[in-house]
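Work through the exercises below with the structure in view. Each task is followed by its solution.

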Amino acid sequence: FPSHDIEELENQLEEIEMVRYRMDSEGFHYCFKHYSHFMDIEDKEFHELRNKYLDASESLEKYIHNKIEELKNRISNLEDNL
């Protein structure tokens, strides 16, 4: 049993080290959004956090896009009233 436990822990360590390598190599955002879904990693918390990160980054991206459009429209409306 103990050798099996060690092997399992070593596999988990190898998987998470690979994620860290990809974060450093590909960039944090690209790593989690585009590089891989990391389906081979059997770590529930990892996937929950990854999904929360992606949801937050998508919300921020939408907010920025919408804010730019809102500000452009406000500027255009003020210029039209000059």
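**Exercise 1: helix packing**

Describe how helix H2 (residues 28-35) packs against helix H3 (residues 44-80).

Step 1. In this predicted model, H2 and H3 pack at about 105 degrees, and their axes lie 11 Å apart. Local features need pLDDT of at least 70 and side-chain atom pairs 80 or more, and residues are numbered from 1 along each chain.

Step 2. Angles of 65 to 115 degrees count as roughly perpendicular, so H2 and H3 are roughly perpendicular to each other.

Step 3. From H2, Phe28, His29, Phe32 and Lys33 meet Phe46, Arg50, Tyr53, Leu54, Ser57 and Glu61 of H3 (contact: heavy atoms within 4.5 Å). By class, this contact has five nonpolar, two polar and three charged residues.

**Exercise 2: salt bridges**

How many salt bridges does a search of the whole structure find, and how does Glu48 pair with Lys44?

Step 1. The search finds six (side-chain nitrogen of Lys or Arg within 4 Å of a carboxyl oxygen of Asp or Glu).

Step 2. Glu48 bridges to Lys44, with the closest N and O atoms 4.0 Å apart.

Definitions and conventions: Heavy atoms only, no water. Axes fitted to C-alpha atoms, helices over the stretch in contact; angles between N-to-C directions. Helix = DSSP H or I, 4+ residues; strand = E, 2+ residues; numbered from the N terminus. Parallel < 35°, antiparallel > 145°, perpendicular 65-115°, else oblique. Nonpolar A, V, L, I, M, F, W, Y, C, P; charged D, E, K, R; others polar.
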